[in-house]
Amino acid sequence: MWFFKKSNMRNTLLIIIKAYWYLIPAKNRARCIFRESCSNHVFNKTKIEGFASGLKALRFRYKNCRPGYHLMTVNNETILVTVNNETILEKDIDFRLLTQQNL
């Protein structure tokens with residue numbers, strides 16, 4: 001079946017993300033805990049590394065980018081621990097979360 005070719009699936013995922021960006025303005029989107037937004041991250045992964053990598057990135061972000069995280073400081077570096085006990089390093093945490101911690 002032509003639809004299930006990897007390149008077509010890759011392009012379909014990229015089109016879905018572009019439609020999301022077009023239909024939902026940035027100010028109305030959910031805020032991401034990561035420095036690079038989830039949709040940008042999945043788009044870039046899919047575009048550069050392909051469909052399978054994009055789906056893997058989407059799954060990881062969907063599971064971990066939600067409320068219930070907490071921030072910790074270890075060896076003078078901030079670490080975010082997600083609800084699934086995944087750790088996110090300071091270089092990948094959104095700036096607004098790092099500034100909230102300092103308030």
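**Figure 1. Arg59 on helix α3 in the predicted model.** Arg59 counts as exposed, because its relative accessibility is 57%, over the 50% cut-off. The residue sits in helix α3. Val42 lies 17 residues away along the chain. The C-alpha atoms of Arg59 and Val42 are separated by 9.4 Å. The structure shown here and in the other views is a predicted model.

**Figure 2. Ala52, another position in helix α3.** Helix α3 covers residues 51-64 and includes Ala52. Ala52 has a relative accessibility of 59% and is therefore classed as exposed. Leu13 is 39 residues from Ala52 along the chain. Between their C-alpha atoms the separation is 11 Å.

**Figure 3. His41 in helix α2.** Helix α2 runs over residues 38-49 and holds His41. The relative accessible area of His41 is 18%, so the residue is buried; the limit for that class is under 20%. Beyond residues up to four places away in sequence, His41 touches Glu36, Ala57 and Arg61.

**Figure 4. Thr82 in the loop between β2 and β3.** Strand β2 spans 77-81 and strand β3 spans 87-89, with Thr82 in the loop between them. Thr82 is buried because its relative accessible area is 3%. Setting aside neighbours within four places in sequence, its contacts are Ile33, Asn64, Tyr69 and Ile88.

**Figure 5. A nonpolar surface patch that includes Leu23.** Tyr20, Tyr22, Leu23 and Ile24 make a nonpolar surface patch of about 460 Å². Leu23 belongs to helix α1, residues 6-23. With 63% relative accessibility, Leu23 counts as exposed.

**Figure 6. The salt bridges of Asp94.** Arg31 and Asp94 form a salt bridge, with 3.8 Å between the closest N and O atoms. This pair links distant parts of the chain, 63 residues apart. Arg31 is in the loop between α1 and α2. Asp94 is in the loop between β3 and α4 (95-102). Arg96 also forms a salt bridge with Asp94, and here the closest N and O atoms are 2.9 Å apart. Shared partners join Arg31, Asp94 and Arg96 into one network. Relative accessible area is 61% for Arg31, so this residue is exposed. Asp94, at 12%, is buried. Arg96, at 23%, is partly exposed.

**Figure 7. The Asp92 and Lys91 pair.** A salt bridge brings together the side chains of Asp92 and Lys91, at 3.4 Å from N to O. Asp92 is partly exposed, with a relative accessible area of 33%. Lys91 has 55% relative accessibility and counts as exposed. The salt bridge count comes to 4.

**Figure 8. The chain as context for the close-ups.** The chain has 4 helices and 3 strands. Along the sequence they follow the pattern α-α-α-β-β-β-α. The C-alpha trace spans about 55 × 25 × 20 Å along its principal axes. Of the 103 residues, 29% are buried. Among contacts between residues at least 6 apart in sequence, 47% join residues at least 24 apart. The accessible surface is about 7500 Å², and carbon and sulfur atoms account for 58% of that area. There are 17 positive and 7 negative side chains. The centres of these two sets lie 11 Å apart.

Methods. Residues are numbered from 1 along each chain as its sequence is written. This is a predicted model: local features need pLDDT of at least 70, side-chain atom pairs count only at pLDDT 80 or more; totals for chains, interfaces and linings use all residues. Side-chain values use heavy atoms; hydrogens and water are left out. Helices (H or I, at least four residues) and strands (E, at least two) are DSSP runs, numbered from the N terminus. Buried means under 20% relative accessible area, exposed over 50%, partly exposed in between (1.4 Å probe, protein chains only). Contact means heavy atoms within 4.5 Å. Accessible areas come from the Shrake-Rupley method with a 1.4 Å probe; for residues, only the protein chains shown count as cover. Lys and Arg count as positive and Asp and Glu as negative; His and the chain ends are not counted. The place of a charge is taken as NZ of Lys, CZ of Arg, CG of Asp or CD of Glu. Patches are made of residues with over 30% relative accessible area and no salt bridge: like charges are joined within 9 Å, nonpolar side chains (Val, Leu, Ile, Met, Phe, Trp, Tyr) within 5 Å.
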